[in-house]
Amino acid sequence: MEVLVNVTIDGQQVSVRAGTTILDAAKQLGIPIPTFCYYAKLVGIGACRMCLVEVEKMRGLQTACTTKVQEGMVVRTNTPEVVQTRQGMLEFLLTNHPLDCPICDKGGECDLQDQVFQFGGTVSRYVEEKRHKAKAKPLGPFVMKDEERCILCRRCIRFLEEWPGDPELDAFERGRNTVVDTFYGRPLTSPFSGNVIDLCPVGALTSIPFRFKARSWELKRTPSICTLCGAGCNLTLDAKANRLLRAVGRENPDVNDEWLCDRGRFGQDYVRSDQRLTSPLIRKDGQLQPATWDEALAFAARRIQDIAQTANPDVVAAVGSARASNEANYLLQKWARAVVGTNNVDFAGRPADGFAPLSSVTAPLRAGVVVLLGVDPLGDAPMVDLWIRRAALTKGTRVVAIGPKRPVVSRYGVWLGCRPGTESAVLAALLHLLARDERVQAPAKADLAGWTKDYAPDRVAEATGVSVQALKQAADFLAAKGSPLVLYGGGADLSPVRDLLALLGGEAGYLAPKPNAWGALLMGVAPDRYPGGASVEDAKARDSFGKQWDARLSPRKGLALADMLAGCREGIVQAMLVVESDLVREHPAAAEALRTLRFLVVVDQFLTATAELADVVLPSAAPSETDGTFLNLAKRLQRAAQATYPPKGVRPAWRVIADLVDAAQGKDKKRGAESHWDYETAAEIWREITRGVPVCRECTYETIGTAGWQPESAAEKVKPVPFAVEYPVAPEGYPLTLAAGQALFPKATPARYSPALAPVLWGDVLLVHPKDAEGRGIKTGDAVRVASARGAVELKARLTDEVVPGCVWACLESVAALLEAPDKATHVKLSRS
Amino acid sequence: MLSDKAKSEIQQLKARYPHPNSALLPALALAQKEHGWLSPEVLEEVAEVMGLSPAQVGSVASFYTMFNRRPVGKYLVQVCTNVACSLLGAEHIVEHLKRKLGINVGETTPDGLFTLLEVECLGSCGTAPVMQVNDTYYENLTAEKIDQILAELRRR
Amino acid sequence: MAEPVLLRNVGVPDSHKIEVYMQRGGYQALRKALKEFQPAALVDLVKRSGLRGRGGAGFPAGVKWSFLPKGVYPRYLVCNADEGEPGTFKDRVLIEHDPHGLIEGIIISCYACEVNTAFIYIRGEYEFGARRLEQAVQEAYARGFLGKNILGSGFNLDLIVHRGAGAYICGEETGMLTSLEGDRGHPKLKPPFPASEGLYRKPTVINNVETLFNVPFIVERGAEWYTSMGTEKSPGLKLFCISGHVNKPGVYELPLATPLRTLIYDYAGGPLEGKPIKAIIPGGSSTPMITPEHLDVPLDYESLAAIGTMLGSGAVVVIGEGTCIVRTVERLAEFYRHESCGKCIPCREGTDWLYKILHRIEHGGGREEDLPLMLDICNNIGGKSFCPLGDAALGPVRSSIAHFREEYLQHIREKRCPFQD
């Protein structure tokens with residue numbers, strides 16, 4: 001039961017929960033108490049003395065930020081002594097503050113400015129020389145430090161300790177000489193370093209990319225979300241004169257609290273890249289050349305129509321994207337189904353059958369153990385990584401990482417380093433141990449003890465390369481703590497995962513690396529289902545959508561992406577429309593397949609590797625340049641709002657698709673009320689979506705609002721399932737296995753086009769274990785050739801024990817062409833170039 | 001670099017306390033004893049053995065005046081100039097040392113023998129003025145006494 | 001002069017060795033305590049003796065011990081040997097000459113407080129003292145006074161000598177704990193108080209060297225013996241350190257409430273070179289200075305408080321005529337700004353500002369408005385800083401302006417220090 005206590009502040013009474021601080025109680029009454037070091041999301045230190053107040057029956061003044069209210073407490077925040085104290089503290093701070101406000105980026109949003117304005121004195125009595133410290137000292141590529149402005153509130157230090165657990169900043173020297181710094185000025189490396197900029201109450205830590213770009217009050221501020229991974233962190237996009245200049249964290253306790261990763265914070269500027277496409281392109285004489293929209297749309301529409309009419313509609317295919325909004329994806333599949341007449345619709349990274357979303361981005365907070373099944377959240381969804389760290393630091397959550405590459409968060413537990421493709425076997429060994437552990441009590445135990453008899457730790461260790469000791473430690477964490485949260489990636493085998501949940505409870509979820517994988521699926525960007533999930537073979541659904549779209553819909557299932565690509569070579573697919581998907585950098589067979597097409601249209605912001613193969617390229621707006629909704633990795637529906645207009649000559653993808661339909665139907669055909677393609681705004685498309693998709697029925701742009709909307713989902717009861725593990729066998733001549741993943745700063749579209757991220761982007765690097773490098777004479781920095789049965793690429797080697805022996809690791813975009821299938825580890829050979 | 005012996009001694013120190021972090025000050029003292037000062041490289045090694053971040057260790061080292069973060073001479077001459085010593089002429093002692101050593105406060109003699117520092121109260125006010133050379137206190141100082149001490153140290 | 005008690009072993013050859021200490025009756029109090037007392041009875045005994053903290057704050061030791069929350073273990077005891085208050089050197093004498101006396105006091109106190117791990121936090125500069133303590137601790141282990149099942153009593157105690165590394169703030173009890181935890185010596189928030197959440201967030205007793213040193217004598221001779229000396233509120237013996245302009249500076253053991261004049265003239269041999277006394281700092285550098293009109297003040301907590309100053313650590317600094325008060329205060333201000341940890345704004349910024357103004361006045365740049373400004377700065381530090389260091393810095397400034405305003409004004413008027421040639 002909650003205990004309430006009554007407290008009087010400045011004569012006003014309030015009842016608050018026991019344990020509330022005076023500061024929070026005053027906040028409830030709307031009584032302002034100034035603070036500097038206090039920050040609600042950091043452990044209080046009571047150091048700045050700004051919040052001193054009088055409390056009856058207590059000697060001296062008390063810090064409101066740390067003093068807990070007690071029944072009958074009488075507090076005064078407006079006595080002469082309190083007023084004088086605030087003036088005194090501010091005078092002290094200003095004695096050595098440079099007061100270079102006219103050139104300070106923090107100006108206009110500076111706590112020190114605001115508090116001096118509200119609580120400070122009017123004259124300066126300080127006539128001594130000010131202390132001088134380092135100005136404009138960069139701490140890596142993102143954070144600029146000005147030591148003279150620093151008021152030593154320690155928020156930055158505390159954030160890095162308490163949230164990401166990266167204690168890279170600390171106070172050095174002491175007393176008046178104290179400065180906040182990294183160890184001998186080294187660059188910050190925490191993936192979450194940018195948050196210290198938002199946290200800094202003064203201009204001591206500012207953003208290097210944003211430096212001197214605008215005064216804060218000139219910024220047009222748009223609440224939106226980040227679309228650079230699947231987490232969908234809430235942020236505010238700040239623009240001036242239609243230039244997107246800055247992203248800052250925006251509070252949403254269910255997603256990102258208020259933090260951003262550095263990819264999300266600094267990567268949004270890809271929209272300002274000078275490589276943006278600003279004109280449609282048409283291939284003439286083998287070269288892509290600028291064209292007008294009318295020309296390009298008419299050409300594209302006519303060619304697709306011709307090809308479909310000459311053969312049949314099923315030679316046309318549409319590829320949507322987990323990067324594109326629901327609105328664009330919805331229109332794409334509507335175009336394919338209602339205009340072309342085919343169900344050949346799919347996208348790369350579509351969650352497989354049986355895959356589940358996370359219950360929330362914050363799910364790690366509720367886990368006893370986070371099991372990473374071949375994924376590294378730092379690359380796939382950095383905010384999930386942050387929540388894992390937070391859970392480890394505040395709740396003692398453990399991490400069990402299974403896979404060939406060691407994730408950073410495995411420092412909070414154990415890394416079961418195994419050869420790629422053997423993750424299920426490692427999980428089986430854990431099940432073997434758990435099914436025989438006294439601490440585990442579940443009806444499924446007996447079944448599992450039987451099914452896992454072939455997976456004794458020593459046998460699995462031999463087959464996978466994992467150590468028996470690590471297996472035992474992992475099983476111990478799981479047995480002791482329970483409630484696992486299993487995070488898996490694209491190619492995961494879910495049978496042993498279900499068994500783990502059957503034993504220990506908890507949850508499992510697909511760590512979708514792109515912002516809208518679940519949305520594209522829900523929008524019907526799948527060969528066999530309509531928006532909302534009904535089968536294309538369901539006559540009732542077909543009838544209903546046919547009526548809504550005013551078209552006869554095909555009853556045949558379409559081709560899935562892999563089949564489309566395979567079909568290209570055989571002429572089964574002859575024309576393709578690809579929207580905001582860089583297939584060539586993600587999908588093994590794409591480059592080769594797309595080259596064999598008769599006609600390829602690509603809609604994207606950049607001339608991607610895929611767009612380079614196109615016959616027509618149509619430039620589309622980024623999520624921050626139009627409106628759209630996205631469904632994050634927890635299936636939370638959120639709006640990416642328009643912060644700027646698209647560059648001249650660029651249209652939102654949804655409009656491009658609609659315009660393509662218009663172009664096909666003839667320029668002279670007047671768009672009228674009867675047209676189903678007459679959309680003025682993305683919101684209109686969304687309204688149409690809600691009519692066809694039951695889960696979205698009640699949901700409008702207004703109800704999504706700035707906080708997003710999370711549909712209720714019922715937890716499913718997990719039943720244990722028998723399983724068998726197949727160990728990969730290396731073919732002759734390919735002794736190593738290549739695993740591909742995503743880096744924190746990937747060279748994938750669109751992050752690769754961000755000017756701010758350029759200095760930290762993951763290069764074309766191959767991680768090699770020293771043992772594998774040794775015999776091949778490979779050193780860090782050497783150019784190496786890695787080859788699979790499908791092809792070869794040249795990369796720079798980096799020797800590291802982050803990967804297991806026998807495994808090489810690279811970013812997906814560097815090696816997509818070598819893989820047997822996306823998400824599938826592939827046998828390779830390695831040599832010095 | 002930090003010797004294996006020092007590393008194992010730090011490990012022992014960690015085990016001696018209810019919480020291993022308590023060994024940090026003794027560990028730094030040990031490292032300084034071995035190297036004369038705490039270079040960034042040594043601090044990093046201490047951090048590694050302690051299981052702390054270099055920033056945490058560097059921060060702690062910079063808080064305490066007895067940790068040298070720059071090389072010092074063979075003899076670290078520290079003269080108390082706080083109130084009791086000052087009342088009995090500590091300034092003259094400092095001046096005399098500056099003259100004799102040919103250096104200013106904060107400097108090291110070119111031969112690397114002496115570094116001269118002014119320090120706060122050494123807790124020897126009853127025998128003021130006082131200075132500490134490395135670990136040894138020299139009390140009731142006079143100019144003549146200092147000359148003898150310096151000569152003696154030079155002879156060693 | 002009476003037979004010394006606390007200083008009884010000082011001057012005895014090899015007094016730091018356990019054989020000598022034991023020959024002279026050492027560790028008998030420990031035997032008595034373990035045999036005749038339950039822990040609670042010892043706490044009660046020390047309470048009844050009225051022994052007050054000798055570090056400076058003067059809080060009754062037994063009462064402090066009784067604040068330990070019942071039934072919460074482990075508990076720790078930290079002996080504060082970070083003697084750093086300028087003018088103070090009594091603990092060093094005890095540590096160097098009678099380390100076993102301290103260790104015996106610690107063992108008995110730990111038994112009373114049900115502590116099984118204790119620390120002596122000794123300032124880093126006391127290298128010699130630390131070595132003596134280490135040796136003595138080894139000897140005590142060897143004789144079974146430390147370790148498991150001490151003297152067959154079933155009581156266990158480990159004692160760790162922990163050296164500081166040069167930071168006055170670590171003499172502040174919570175700064176000491178943070179330092180002992182391996183961090184910068186930043187004071188901790190109170191509440192929680194160390195008695196309930198101290199070292200490693202466990203109940204912790206912190207006592208000064210001299211305080212603990214008194215305990216064996218109280219055990220041997222009884223509370224009544226202790227209260228027979230001094231006054232009702234300030235009972236017992238105190239070590240006084242006297243330095244500055246006197247003929248025989250040093251540490252003297254006197255009952256509390258001995259007049260200041262007696263200490264200066266009868267023990268310390270009177271003013272140096274017969275120079276008249278200009279001012280006296282009565283209890284360590286942070287205590288407000290007084291003038292010779294108060295020479296007859298009894299040296300006890302209450303009497304000194306009554307004249308606006310403090311007994312502090314019992315460190316008397318005598319300042320003779322011919323000394324520049326502004327220069328002396330400037331030097332003390334420099335000390336406090338040097339030792340400010342920097343955690344809180346008023347202490348970090350205020351001590352720096354005070355020093356800069358004093359330095360300016362001493363060097364001929366003073367202005368009349370500097371005096372009210374300094375007092376204002378003092379008000380903005382006083383009671384507002386995170387820990388007592390901020391307040392400590394104010395004693396010399398406020399008291400010197402109160403007693404020597406004219407000397408400040410002379411500096412300001414003449415635009416020079418009148419004591420410099």
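Where in chain B does B:S39 lie? I found B:S39 in the loop between helix 2 (24–35) and helix 3 (40–50) of chain B. Helices here are DSSP runs of H or I with at least four residues, strands are runs of E with at least two, and both are numbered from the N terminus.

**Entry 1: ground rules**

I reminded myself that this is a predicted model, where local features need pLDDT of at least 70, side-chain atom pairs count only at pLDDT 80 or more, and totals for chains, interfaces and linings use all residues. Residues are numbered from 1 along each chain as its sequence is written, while chains are lettered from A and ligands numbered from 1 in the order in which they are written.

**Entry 2: back to B:S39**

Is B:S39 buried or exposed, or something in between? I noted B:S39 as partly exposed, because 16 other C-beta atoms lie within 10 Å. On this scale 20 or more such atoms within 10 Å make a residue buried, 12 or fewer make it exposed, and partly exposed is in between, with C-beta atoms placed from the backbone. I also looked up B:M1, 38 residues away along the chain, and its C-alpha atom is 9.7 Å from that of B:S39.

**Entry 3: domains**

I read the domain bounds next, which come from an automatic or database domain assignment. Chain B has domain 1 (4–63) and domain 2 (75–155), with C-alpha centres 29 Å apart. Chain A is divided into five pieces, including domain 1 (4–78) and domain 3 (296–310 + 318–348 + 516–641 + 652–704). The C-alpha centres of those two domains of chain A are separated by 56 Å.

For chain C I wrote down domain 1 (18–227), domain 2 (237–320) and domain 3 (325–414). Between the centres of domain 1 and domain 2 of chain C, taken over C-alpha atoms, there are 27 Å. Their contact takes 13 residues from domain 1 of chain C and 16 residues from domain 2 of chain C; contact means that the C-beta atoms of two residues, placed from the backbone, lie within 7 Å.

**Entry 4: where chains meet**

I checked chain C against chain B and found 44 residues of chain C in contact with 32 residues of chain B. Helix 13 of chain C gives the most to the chain C side, with six residues. That side divides into 17 nonpolar, 17 polar and 10 charged residues. Nonpolar covers Ala, Val, Leu, Ile, Met, Phe, Trp, Tyr, Cys and Pro, charged covers Asp, Glu, Lys and Arg, and the others, Gly among them, are polar.

Then I turned to chain A, where 23 residues are in contact with 22 residues of chain C. Helix 2 (residues 80–95) of chain A gives the most to the chain A side, with six residues.

**Entry 5: helix 6 of chain C**

How do helix 6 (residues 99–113) of chain C and helix 7 of chain C pack? I noted an angle of about 60° and axes 9 Å apart, with axes fitted to C-alpha atoms over the stretch in contact and angles running from 0 to 180 degrees between N-to-C directions. The two helices are therefore oblique to each other. Angles under 35 degrees count as roughly parallel, over 145 as roughly antiparallel, 65 to 115 as roughly perpendicular and the rest as oblique.

Helix 9 (residues 209–221) of chain C was my last stop: its axis comes within 7 Å of that of helix 6 of chain C, and they cross at roughly 75°. That makes helix 6 of chain C roughly perpendicular to helix 9 of chain C. The residues of this contact divide into nine nonpolar, three polar and one charged.
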